[in-house]
Amino acid sequence: MTELSNVLRIPAAQYIRMSTEHQRYSLENQVTAIAEYAEARGYAVVQTYADAGRSGLSLKGRDGLKQLLSDVVTGQRSYSAILVLDVSRWGRFQDTDQSAHYEFLCREAGVAVEYCGEPFENDGSMVSTIVKNLKRVMAGEYSRELSEKVSRAQKQQARLGFKQGGQIPYGIRRLLVSKDRQPRFVLGFGEQKGLSTDRVVFVPGPIDELRVVRRIFRMFVEQNQSMSSIARELNGRDIPSTNGGTWTFARVRTVLTSELMVGYYVYNRKTQRMRGPAKRNPPALWIRTRVMQPIVGARQFARAQQQIGRRTGYAFSKQDMIDRLERLLREKGKLSSVIIDYCQYTPCCRTYVEHFGGLRAAYAAVGYECRWRVPKRKRNYSDDQLLDGIRRLHATFGYVTIALIEADPDLPTHQMFTDRFGSMIRAYGLAGFPITKREAISAAQKRAASRH
């Protein structure tokens, strides 16, 4: 009798979604409510589409809804209705037309959409249309209000000195504390707090790392070394970086620019609301809180920032950069990335690449012509020659980027690497370098083990 009644029922699919907002929206509760609605209205649920732990702000990451729409539009379905708990489960889109569009696609394909927990019938009447649109506006407004509340709470926590997400630089650790600021333990890499009432604060790292931080500042400020050369020297001395990885230009720069090195936590540099694009905030909106004792002196930190401004070209006009490069050419008689990096009065090589589109263009601006035997774009390279070029750049700079490949006179453009090996990532892997964080950590551990 039950099988016969199921045959006579209307086949339907159910769509369920839950982010992290409230227990009433748990997947189990949605399934139960939809099952009761289906039983009362003569539907038989034959397929389920689910998005667990997914925000309704956009379609991104919602594979369940994507598959539902694909099945409906292409006709690859065995049902004639879709059951959803309420309008907000369909989505909390900021543009209410987006939710209406997806429902229209289903209706246009002959599939009805039923809201099982709403007090109105989705029958296309004027009343249902008005109520649905109001519900969509309310769903979007709920997300906006929630975003504002979360933002205010995060700013308040930052003012109290509690960490609000993001990476931490070398030489700093995260300490888990109770709501009364009683220390619990230092969090390791990848570890998160277990209780919502706990908080995370910043503390200085091991003494060996603090020595390395101070050494980096001395090398940069007093010895006038470039960030690339600092990374090369640290890697040459087998000093591991964050989580045992290798030192790079970016990691050295993070140490030199983080105000945590002088004891201050800076928050709200950028604002990103409801999965929108990140926007830079003016310094007046930054939240700066003293959270620990400084690792380096304020005067040395300020000198480092002045050096960075000069080396990255922010303190120079383009013509000024050209004038300084001309002076260097007159003194040395030739130019190279190493000569530029070790010069005290020019920005670093990386800056010239970024501002002029490559060293070739920078050289041309000062009338310096490199003597290439064969134009690099016309030479024939073997696979081994290409991979050896990557290894050479890594040995020189401590890292490899597309900009370095483009600037190297003995290598072709990165497009040849991509055409030959499929992608730059694959080329890096074939050259023997880690292409994932896990591989980088493993390689660093092997190097440390070999030293012992």
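Select Asp238 to begin: in this predicted model, Asp238 is partly exposed, with a relative accessible area of 32%. Asp238 sits in the loop between helix 8 and helix 9 (249-257), and its phi is positive, about 55 degrees, although the residue is not a glycine.

Is Asn268 buried or exposed? With a relative accessibility of 11%, Asn268 counts as buried, because the cut-off for that word is under 20% relative accessible area.

Now select residues 383-397, which form helix 15. The helix has 15 residues, which should span 21 Å at 1.5 Å a residue, and the C-alpha atoms at its ends are 22 Å apart, in agreement with that expectation. Colour Leu386, Leu387, Gly389, Ile390, Leu393 and Phe397, which are the buried residues of helix 15. If you turn the view to look down the axis of helix 15, these buried residues fall within an arc of 150 degrees, so they line one face of the helix. An α-helix has 3.6 residues a turn, so residues three or four places apart point the same way. On the other side of helix 15, you will find Asp384 and Ala395 exposed.

What covers the buried residues of helix 15? Show helix 8 (227-236), helix 12 (337-341), helix 16 (402-407), helix 17 (414-421) and helix 18 (424-430), which are included in that cover. Then step past the end of helix 15 to Gly398, which follows the helix and has a positive phi near 85 degrees.

For the last stop, select residues 96-108, which make up helix 5. This helix of 13 residues reaches 18 Å from its first C-alpha to its last, close to the 18 Å expected at 1.5 Å a residue. Its buried residues are Thr96, Ser99, Tyr102, Glu103 and Cys106; they cover an arc of only 135 degrees around the axis, which puts them on the same side of helix 5. Asp97 and Glu108, on the other side of helix 5, are exposed.

With the buried residues of helix 5 still selected, display what they pack against, namely helix 3 (63-74), strand 3 (81-84), helix 4 (87-90), strand 4 (112-115) and helix 6 (126-159). Finish at Gly110, which follows helix 5 and whose phi is positive, near 85 degrees.

Definitions and conventions:
Residues are numbered from 1 along each chain as its sequence is written. This is a predicted model: local features need pLDDT of at least 70, side-chain atom pairs count only at pLDDT 80 or more; totals for chains, interfaces and linings use all residues. Side-chain values use heavy atoms; hydrogens and water are left out. Helices (H or I, at least four residues) and strands (E, at least two) are DSSP runs, numbered from the N terminus. The expected span of a helix is 1.5 Å times one less than its number of residues. Buried means under 20% relative accessible area, exposed over 50%, partly exposed in between (1.4 Å probe, protein chains only). The arc is that of the directions from the helix axis to the C-beta atoms. Contact means heavy atoms within 4.5 Å.
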